[in-house]
Structures are given as C-alpha cells and as structure tokens.
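Colleague: I would like to learn how to read this model, feature by feature. Please give me the general idea each time, then the case at hand.

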Amino acid sequence: MSAVLTASDAVRSTPAPRGAVSLSDVRRTFAGATRAVPVLRGVDLDIEPGEIIAVVGPSGCGKSTLLRLLAGLDAPSAGSVTVDGTPLRDTDERTAVAFQEPRLLPWRTITQNVQLGMPRGTARADASARVAELLDLVGLAGAASLRPREVSGGMAQRASLARALARGPEVLLLDEPFGALDALTRLRMQDLLLDIHSAEPTTVVLVTHDVEEALYLADRVLQLRAIDSDSEDSSIARVIEVPGIRPRDRADRGFTDLRAELLDGLGVDTHRSTPQETR
Ligand SMILES: Nc1ncnc2c1ncn2[C@@H]1O[C@H](COP(=O)(O)OP(=O)(O)O)[C@@H](O)[C@H]1O
Ligand SMILES: [Mg+2]
C-alpha cells in the first residue's frame, strides 16, 4: 500500500492543535479592608494543546481564582493569560467551565440544558445533532427528556460536562467537578473524563482536592501554595510531571509513591492514618 501524502493532505488531516494556554507572570490582587491582598503571584506556565493539568493546593490558595482568569471571567492584576497567543476576552468562547454543582436549570430537560451551552447562532438542526452526540458521549441518551431533579447527582454532573462541551471549547476548565459525588461515582466520572478527552482532545485544567484524582488524570500537576503580603513567594509550589500513559494503575508502586509525596507536600501525614502501620 502506498502512502504518499502531499503537503495539502497533511494540512487537511492534521489541523493545527489549538488550546495552547500561556500564563505569564500572572498576579491577582484583591482590595482588602486596609491594603491589597495578593492571592496569586508569579504564575508562569505554558500548557500544551490537549494537555490535562490538575491544580491542587490548600483551600483559599487561589485555585478558583486561577480558573476564573483562564475562563476570562476575571482579569489578572499584572501579567498575561493567553490562549493560542491571544489574550482572553470577557467570558471567552474558547473556554468553557464546569463547577462542583451542576448548575442546571430545574425547569428545563437535560437536552435543553445541554442546548444552552451551544454557541449562539448555531443552526437548530446542527444544534440538536450535536446535543444528541454529546448526550451519547456522556451516557445520557436515555435521560434526554428528564428534568434535573429526576436524575442522580452523577447524571446531573455529566449533563453539566456535556453543556460545557457544547460550547466547542479549546480549553475545558473544571472546578472540583466531582467533589460532591460519592466515591464510586467519582471513579466512574474520572474514566468518563478520559473517554471524553479521547473523543474531544481539548486542553483541560482541572482543580481538585483529591490527589489521587490528579495523578490518575493529569499529564502534569500544578501545586499551588497560599501566599501572603510579607513575602515574594510564587504561588506555584511545584509542577509535577506524572509518568505513565493513561489509564493508569492506581495500585502501581510509582503511583502510590507519587501520591504519598504529593500529600506530604500538601502537609498531610500519610503514615498517621495507615492502618497497617504498627509500632
Ligand atoms: N472577588 C474577590 N474579591 C475579594 N477576594 C476574593 C475574590 N475572589 C477570591 N477572593 C479571595 O481569594 C482567595 C482565594 O480564593 P479562591 O481562588 O476561591 O481559593 P481556592 O479555590 O483555592 O479555595 C480567598 O482568600 C478569597 O477570599
Ligand atoms: Mg475553589
């Protein structure tokens, strides 16, 4: 079989990957009662198109603030945030966000809620074909005509993911998306996210407080620290490359070692609660 590709074939078959995110010396300060309170400082990171980045760090260290900057819902006090080299606009269409709560409209069906994510001006036939495809992707085809109160928390969260994807984002932003789900549903949702990412390889930035989730899903883990006005520390405590192709084995030695190391970095004593640990 001959496989002669002309230059134009190559261009057609490999569209330029989109969704490159660049954070350059980003700072975000909020006005406090007496003085400006720094929340993010020295955030420098380049994210490759299609990469999955997990963001971890103590409560209040600025994870959601970072996500809002990436969504164009907020602007940095200094530094820049770009997608594919262009600064983000207010509620930039190249990004989409899903939160811990699904935030569905209770009086609309699952289908209608997902439809709300479609970019304005999409032809109705195209929109319904795309919504059907997305419901299929997240396993909700059978629940299309139900209302949010008629479905489980996991299903509502899948609808919320489908609504975010309906925007056709280059960058999918997830703020503790599985944080309110039970443990088993959470594990299923993690695999669903990997399936979604294979089908629609957007760049993903996922905030999570679950270190294992971060290591299971991400190419790199961005660990943030809380900063104060008295130091010039960067908000980035470290960036960890996660080895191993997905899906990863949670019981793998390298995986559990990295989990312990990351928890240690977050100030959690992994030995204290280990039942088999005896004196
Ligand atoms: N709009 C705002 N105005 C003032 N302070 C804010 C605002 N948004 C966030 N903050 C403060 O920034 C800090 C980080 O918040 P957040 O990004 O939500 O943290 P995390 O998501 O890591 O828990 C908190 O101290 C919070 O009170
Ligand atoms: Mg938060």
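**Reading the model**

Colleague: Let us begin with strand pairing. How many bridges join strand 9 to strand 10, and in what sense do they run?

Modeller: Strands of a sheet pair through backbone hydrogen bonds, either parallel or antiparallel. Here strand 9 (residues 220–224) and strand 10 run antiparallel, joined by 5 bridges. Two strands pair if DSSP finds at least two bridges between them. Helices (H or I, at least four residues) and strands (E, at least two) are DSSP runs, numbered from the N terminus.

Colleague: What should I know about the source of the coordinates before going on?

Modeller: This is a predicted model: local features need pLDDT of at least 70, side-chain atom pairs count only at pLDDT 80 or more, and totals for chains, interfaces and linings use all residues. Residues are numbered from 1 along each chain as its sequence is written, while chains are lettered from A and ligands numbered from 1 in the order in which they are written.

Colleague: How many residues of strand 10 are buried?

Modeller: The count is 0 among the 6 residues of strand 10 (residues 236–241), so that strand is hardly covered. A residue is buried if 20 or more other C-beta atoms lie within 10 Å of its own, exposed if 12 or fewer, and partly exposed in between; C-beta atoms are placed from the backbone.

Colleague: Which residues surround ligand 1?

Modeller: A residue is near a molecule if its C-beta atom, placed from the backbone, lies within 6 Å of it. The shell of ligand 1 consists of Phe30, Val39, Gly57, Ser59, Gly60, Cys61, Gly62, Lys63, Ser64 and Thr65. By class, it has 3 nonpolar, 6 polar and 1 charged residues. Ala, Val, Leu, Ile, Met, Phe, Trp, Tyr, Cys and Pro count as nonpolar, Asp, Glu, Lys and Arg as charged, and the others, Gly among them, as polar.

Colleague: Which element gives the most to that shell?

Modeller: Helix 2 (residues 63–71) does, with 3 residues. Helix 2 is mostly covered, with 7 of its 9 residues buried. Those buried residues are Lys63, Thr65, Leu66, Leu67, Leu69, Leu70 and Ala71. Gly72 follows helix 2 and has a positive phi, near 75°.

Colleague: On to domains. Where do the bounds fall?

Modeller: Domain bounds come from an automatic or database domain assignment. The protein chain is divided into domain 1 (28–94 + 170–268) and domain 2 (99–168). Their centres, taken over C-alpha atoms, are 24 Å apart. The contact takes 16 residues from domain 1 and 14 residues from domain 2. Two residues are in contact if their C-beta atoms, placed from the backbone, lie within 7 Å. On the side of domain 1 that touches domain 2, strand 7 (171–175) and helix 6 (183–199) are the elements that give two or more residues. Helix 6 gives the most, with 6 residues.

Colleague: And the largest nonpolar core: which residues touch the most other members?

Modeller: In soluble globular proteins, nonpolar side chains tend to be buried together. A nonpolar core is a set of buried Ala, Val, Leu, Ile, Met, Phe, Trp, Tyr and Cys residues joined through C-beta atoms within 7 Å. Of the 65 residues in the largest one, Ala54, Val55, Leu70, Ala162, Leu173, Leu206 and Ala218 touch the most other members. Helix 5 (residues 153–166) gives the most to this core, with 8 residues. Domain 1 and domain 2 both give residues to this core, so it lies between them.
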